[in-house]
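Please look over the model first.

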Amino acid sequence: MAAEGGKSFARRDLLLEIEAKAQTWWENGHVFRAEPSEIPPRPGEKFFGNFPFPYMNGILHLGHAFSFSKLDFAAAYHRLRGANVLLPFAFHCTGMPIKASADKLAREIQQFGNPPVFPGEVEDQEDQEPEVEDANAVKPLDKFKGKKSKAASKSSGQAYQWEIMRSFGLSDIQIAEFQDPYKWLEFFPPVAMEDLKAFGLGCDWRRTFVTTDKNPFFDSFVRWQMRKLKSMGKIVKDVRYTIYSPLDGQPCADHDRAAGEGVQPQEYTIIKMEVMQPFPPKLGVLEGRRVFLAAATLRPETMYGQTNAWVLPDGKYGAFEINETDVFILTRRAALNLAYQKYSRIPEKPTCLIELTGYDLIGLQLKSPLAFNEIIYALPMLSILTDKGTGIVTSVPSDAPDDYMALHDLKMKPAFREKYGVKDDWILPFEIVPIINIPEFGDKAAEKVCNDLKIKSQNEKEKLAEAKRLTYLKGFTEGTLLVGEFAGRKVQEAKPLIRSRLIETGEAIIYSEPEKRVVSRSGDECIVALTDQWYITYGEVEWKKLAEECLSSMNLYSDEARHGFEHTLSWLNQWACSRSFGLGTRIPWDEEYLVESLSDSTIYMAYYTIAHLLHSGDMYGTGKSPVRPDQMTDEVWDYVFCYAPYPESSDITSSILKNMKKEFEYWYPFDLRVSGKDLIQNHMTFCIYNHVAIMSKKHWPRGFRLNGHIMLNSEKMSKSTGNFRTLRQAIEEFSADATRFSLADAGDGLDDANFVFETANAAILRLTKEIAWMKEVMEADSSLRKGPPSTFADHAFANEINIAAKMTEQHYHDYMFREALKTGFYDLQAARDEYRLSCGSGGMNHDLVWRFMDVQTRLISPVCPHYAEYVWRELLKKDGFVVKAGWPVADTPDLTLKSANKYLQDSIVLIRKLLSKQISGSKKANNRSAPATTLSEGKLVGLIYVNEQYDGWKAECLRMLRSRFNINARSFDSDVDGEILEAIKNSSVCPDVNFKKTQKICMPFLRFKKDGAVALGVQALDLRLPFGEMEVLHENLDLIKRQTGLEEVEVLSVTDPNAFAKAGPLVRLIDQNPPTPGNPTAIFFRQLLEV
């Protein structure tokens, strides 16, 4: 077992030895090389699956493995069935993370030395001998070090990059080399490839590659793709609000973020609430300027009802220069966002003229746009969040429950006003201004809802949240404006018109900030900037229609996944595709910029089809190749991928060009792409958009399979806590096949899955014990029963093998690998164990045992291919490779035989229980000195009583249920119970004259049979079981004796008039527990032996 504490690792080591052998066999046999056939494939004859290439800023871990294992299992299933399978794999290096990490290393060396001595580490090193390091030696990739150093523990929580590199097993001398970002590309992809080979990934490694301009062929491919999109009008230069990293000086897309993936800009309207003169002394330095409290709102249509502004008394504010004349008072965070949106006298550098607190602002006289109150005042509110909006809030108590309650508290609590220096004339004269009429709530919606919910204070957060939910949604969808230029119009019509008018008159501006906190991989908090850059026009109407058409034809294996894509298509808009920092391919017409990492990875699956023809085995595209990168012109790419004419001007040989075309046409479209569900909102949807733009309809994607994240032992996988495993660590700890087994068992679907170490350890035991059992069987081969299967146990076991083959095939086809593992391994092993017990002294049938070993080996091979290959070649002595052996041929399962076998096994369990109960009952009776039948002397005899058909009221119930059962819907009418009870009550077979007793007797039976019909179909309502109970029990008397310890057994029918006489005084037990179809009963007694 793979566990700590001095236990033997022999079983795990055996699997590791087997894995090394199998991988050598596969490599020597070129098993996973994919070549197109000469004729186009028919449906099911080829399978092309792929996985979003992992980012190469570290070592692959179990999170990666969980997702790509789904692809590998699927590909292995199709390969086993005889399909021509292409599973390629590549490595993503585009974007910021590698460059950011390399720069971080350089900063640490500059600040702390080489090798760096971090704060808090000096005292730990004083007594240590200097370590002599070999620059060429790489330490083994040890278990991930979850504990932080003292320095990291005292820092902001982000580990030093140097320590992260040490955790990968690198020496200090080696780490220094990683200041060069291209060193990462040289080191990590080959390591990842070796880990994947050790995992047993069935990959055609000739087609592997890295991204960025490090690979000149892929660089050419991306340049072609970008030029293609631009020529179609799908890339434009525009000014847009974008999540932006000030430190990096460029937009921060999802994959550039350490936190906040999926967060979008949130657009507000800033209302310019002018501060009236004379200014208080604190604002004296602002004399001669126009000064505004800048209040951010999502509801500009409500500005008619302003009664005041709110500020946070303890909040930190500043007076920031917007231009030569205007000054905005707001938080520094909001000022930074504005500075990148062209609202700062010095672009991108907010200038604070004076620092302020909320106390300095209380009592300011304000003139606010649209407000019916000519002058309003700034007042204190304690619930304002300074990390959202501008920290200034405009108050509309008619329609905002928070404003209504805060105003109410100030009016009703003189002490509260006194605490913050609020004068009575700043608040008491101001009443609610009705501005919107909402059906059900009237024209003072906030007041009504707060009263209805009995809200007493602004501190009742949960009730206020509910009040807000009720008023805001209904106000927008059903409200009618009562005042102003657009009075009489619906709020949803008036809102954009009022907002536009405010902006046109200079009384408001547009302001945007991230919906939630976003942190870039460089460590700074992101803002929203108004950037002039290149965008891909996702969301454009006609393009979106094509994307929706493609999605509708795809197999997504989950309604939840489909809803996720539909939602993404509903909101996805222009996407910034250019960056000025990082690694990648240059925008071909504007080489100042790079293509960002989510835009160079949308149709590269097509590149896999020809990569081996370009790279000649070198993932960097710099080795010897019959094609030069400069020969891959747009005309060549168009010819290969887009049905363009043959490129007559190309000097690439005709045979190579035609071979490229042949490869693409054979493998495309891809059949399956597997990914984590978090990529629905970007990468996977971009994949659809780009395919429908560039590829012909016949080459659109066919299927996506999404999965959730993975936990380890029911806890979140986390480097900081040490609950983390790299792929290599898992293989070394458990073996590849046990790791794969636990990954398959972890779960399917979009919910988070759970990799359990106990499952992996149990897999080690199961697989190695199965090998030992097979060896034992083969050594005792001569003792197996020869000839065709003949006994009930033989037929039942053969049927279980057929069932396993059919059900497992369906589960693999649906990519439900946990279920495939259950039916193809767990259930089949249980059937084998049951068969062994059932055979007794006659022994197991030779042909059946060998068929079992053959079928089980094939069924488990997609999950545990090394184990299966070893069994196939070394034990079963089969030719070829199990991974290509073909799906086992199986007869149609006999469900009646399965039911009969289950009946037999259940009956044996029931008989054992009845025997135990009768024995214990006899002992109790004897202890009470009451007369009882003793079971202590003589031959132990069992009489089994069988009733093979329902009769009386039960038969009548079944007939009526059958007549009222909808076979197609598998359902009953809602009032069926009442109808049947009423009919039984008035029939000759009524079980009791008292209707309540009849109800009590009938209802459990009705419920039981209705549930059975819904689950199993109409056959559950038959009067008899689909097999002869007497026959099954008679045929298996020897098994019943062995399993129960009975020395003599007789099976009797309740229809036999002489049957009950044999029970003697024990007949009372039969009366107490009468047999019914599917539920025999039994009595037991000792029969004295004749001398």
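The points below cover domains, a pocket, cavities and cysteines.

This is a predicted model, in which local features need pLDDT of at least 70, side-chain atom pairs count only at pLDDT 80 or more, and totals for chains, interfaces and linings use all residues. Residues are numbered from 1 along each chain as its sequence is written, and side-chain values use heavy atoms, with hydrogens and water left out.

**Domains**
- The protein chain is split into domain 1 (265-514), domain 2 (759-897), domain 3 (905-920 + 936-949 + 1026-1090) and domain 4 (952-1023); the bounds come from an automatic or database domain assignment.
- The centres of domain 2 and domain 4, taken over C-alpha atoms, are 42 Å apart.

**Second largest pocket**
- On a 1 Å grid over the protein atoms alone, a cavity is a set of points where a 1.4 Å probe fits but cannot get out, and a pocket is an open set with protein on both sides within 12 Å along at least five of seven lines; lining residues have an atom within 4 Å of a point.
- The second largest pocket has a volume of about 1000 Å³, a volume being the space filled by probe spheres set on the points, which are joined across faces, edges and corners.
- Its lining has 29 residues, with Ser899, Lys902, Leu1016, Leu1025 and Pro1026 nearest the centre.
- Two or more lining residues come from each of α26 (792-813), α30 (895-927) and α33 (995-1016); helices are DSSP runs (H or I, at least four residues), numbered from the N terminus.
- α30 gives the most to this pocket lining, 9 residues.

**Cavities**
- The structure holds 4 cavities of 30 Å³ or more.
- The largest cavity has about 70 Å³ of space, and helix α2 (residues 62-81) supplies the largest share of its lining, 3 residues.
- Residues lining the largest cavity include Phe32, Asp72, Arg740 and Val883.
- The second largest cavity has about 50 Å³; Ala793, Glu834 and Asn901 are among its lining residues.
- α26, α27 (817-839) and α30 each give two or more residues to the lining of the second largest cavity.

**Cysteines**
- The structure holds 0 disulfides (a disulfide is a pair of cysteine sulfur atoms within 2.5 Å).
- The sulfur of Cys864 is 20 Å from the closest cysteine sulfur, in Cys203, too far for a bond.
- Cys864 is buried, at 0% relative accessibility (buried is under 20% relative accessible area, exposed over 50%, partly exposed in between; 1.4 Å probe, protein chains only).
- Cys352 is partly exposed, at 25%.
- Cys642 lies in helix α20 (residues 634-642) and is buried, at 18%.
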